Amino acid sequence: MKASRLVVAVTVTGSLLLAACGGGGGSSGGGGTAGDDRAPKAYDVNPQPRDKVKDGGTLRWGINEFPAQWNRNHVDGNLAMAAVVSNALLPSPFLSDEKAEITVNDNYVIDARVTERRPEQVVTYTLNPKARWSDGSPITWADYRTQWRALNGRDPDFRIASSTGYQDIGQVARGKDDFQVVVTFDRPFGDWQSLFSPLLPAATNRTPESFNNAWLNKIPASAGPFKFGGFTFNGSSELLKDRDVRLAVQLGIDRQAIARSDLQGLDWPIALLNNHFFMNTQEGYRDNAGELRAYNPARAKKLLDAAGWQLAGGGGTVRQKDGKPLDLRFVVPSGVQVSKAEGELAQSMLAQIGVKLTIKAVPSDDFFSKYVIPGNFDITPFAYIGTPFPVSSSYGIYANAPDGKTWNANFGRVGSAAVDEAMSRAAQSLDPVRARKETNKADRLIWQQVTVLPLYQRPQTVATRETLANAGARGFYDLRYEDIGFMR
């Protein structure tokens, strides 16, 4: 099949997102809090057969930042905009449809399946021998082995975003030839289809130096989602290290009011999201929010009083403790109006319980690298991106720091052995029903930690020409970039 010769011009515009968590599609297993009963559309990409798509043309694809780090597996490259560009350039073994059903991507993999379950889980990949890197070299088992070694977490010099799944692998070996990969797991891993996506060449993953630096400000090699908005609370900050203070602040934020404001004028259902792993529309969704389900400023005031944060006499408006005001930094990327508006709404709400919220706008290109990742904030808003693999894609966001310092993608900087164990049980189950049950157990524990406050399932709004085919708001659907073009 001949690929369309479509030129893609990248333009910077829009709002910031983080590539990581969530999901959508499937049947509902619960429901949101307040809101309407409409179900979000699974995807909207104007699907058209190839014979109705013209060869050639120029597609101008807007992005909202131009990342410095293009290695998606690096902690600084774990950004949605890096994914938008690299998804079109890098190989992945599998493709997802709009319902998050997974099939092999036969451009790169002919077959992949669990070939043994006992005594150990073994997955065998048969690679497409025609698949090549941009330098002409074949994609082989060695690329898979080197990626596993870089991402399994055993060498801290590799600044990885997450070791989820890779840490469970005991061996990646050559099969009958260079185009067969045999992966043996020390521990079962149910989301094994999430691994090696995207796949980077062995040269990138071979050393910490190349892993950390070879993709800075460039993409040296190539081959070829629903999201939820939320507030992340920094549990390591001086003012929010007390769980009861975080709980009070979250109870003092009216999520329904923020959702109505954000979605005003959009044809999109307003339903609060009360799960950190599953979207409202996804099979497995349960409302686990507990007391955080509802706005409760009265309870918030009592918690702050009990924690020693008191309003000064004589008409004081900001609570103090030991002479220090409860003044929280709400860090937002400059130029992102929705984040600023959310901050202003939260600022007004929290003032009613005696909490000052100071909105700090920072350069968009510095937002993650200089503020979110190093923990230089009290509260910050951004959207997590969902994948068809809700547990493995979210694991790093809630995983505990083994040394109490290395939090990787856990920007809330709070974790526990109990949460890790619950997520591990979910990830290790090869039975999807049991995996969903264990995932919800983990979610209930995460709500109790009070770090990430989900707001609602955000619409993926993409403006396109009516004549553009096979591109748009994709949800879980993996775009087939070779099929994108303008209709005849």
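I take helices (H or I, at least four residues) and strands (E, at least two) as DSSP runs, numbered from the N terminus. I am working on a predicted model, where local features need pLDDT of at least 70, side-chain atom pairs count only at pLDDT 80 or more, and totals for chains, interfaces and linings use all residues. Residues are numbered from 1 along each chain as its sequence is written, and side-chain values use heavy atoms, with hydrogens and water left out.

**Entry 1: Asn128**

I looked up Asn128 and found it in the loop between S7 and helix H2 (141-151). Is Asn128 buried or exposed? I call a residue buried under 20% relative accessible area, exposed over 50%, and partly exposed in between (1.4 Å probe, protein chains only). Asn128 has 14% relative accessibility, so it counts as buried. For contact I use heavy atoms within 4.5 Å. Leaving aside neighbours within four places in sequence, Asn128 is in contact with Asp106, Asn107, Tyr108, Val109 and Ile110.

**Entry 2: aromatic pairs**

I pair rings of Phe, Tyr and Trp (its six-membered ring) if their centres lie within 6.5 Å; planes under 30 degrees apart are stacked, over 60 edge-to-face, and the rest tilted. The structure holds 15 such pairs. Tyr125 and Trp192 make an edge-to-face one, 6.4 Å centre to centre with 85° between the planes. Tyr125 sits in strand S7 (residues 122-127) and Trp192 in the loop between strand S9 (180-185) and helix H3 (202-205), so the pair ties together parts 67 residues apart in sequence. Both Tyr125 and Trp192 are buried.

I then checked Phe382 and Phe411, which pair edge-to-face at 6.2 Å centre to centre and 80° between the planes. Phe382 is in strand S16 (residues 379-385), and Phe411 is in the loop between helix H10 (390-398) and helix H11 (417-428), 29 residues apart. Both Phe382 and Phe411 are buried.

Ring pairs also link Phe94, Tyr125, Tyr144, Tyr166, Trp192 and Phe196 into a cluster.

**Entry 3: H5 and the cores**

Seven of the nine residues of helix H5 (residues 243-251) are buried, so the rest of the structure largely encloses this helix. Among them are Val245, Leu247 and Val249. At the start of H5, a side-chain oxygen of Asp242 comes to within 2.9 Å of the backbone nitrogen of Asp244.

By nonpolar core I mean a set of buried Ala, Val, Leu, Ile, Met, Phe, Trp, Tyr and Cys residues joined through side-chain atoms within 4.5 Å. The largest has 40 residues, and Phe231, Phe233, Val249, Ile253, Leu304, Leu328 and Ile379 touch the most other members. Elements that give two or more residues include strand S10 (227-233), H5 and helix H7 (297-306). Which element gives the most to this core? H5 does, with five residues. Val249 touches Phe233, Leu240, Leu328, Leu350 and Ile379, not counting residues up to four places away in sequence. A second, separate core of 33 residues includes Phe94, Val109, Trp133 and Val172.

I listed the buried residues of H11: Val419, Asp420, Ala422, Met423, Ala426 and Ala427. Seen down the axis of H11, they fall within an arc of 165° (taken from the directions from the helix axis to the C-beta atoms), so they line one face of the helix. Their cover includes H10 and helix H12 (432-449).

Glu438 is in helix H12. At 7% relative accessibility, Glu438 counts as buried. Glu438 touches Ala422, Arg425 and Ala426, not counting residues up to four places away in sequence. Glu438 and Arg425 are 13 residues apart in sequence and 6.4 Å apart in space, C-alpha to C-alpha.

How values were computed:
A polar contact is a pair of N or O atoms within 3.5 Å; within protein, one must be able to donate a hydrogen and the other to accept it, and residues adjacent in sequence count only if both atoms are side-chain atoms.
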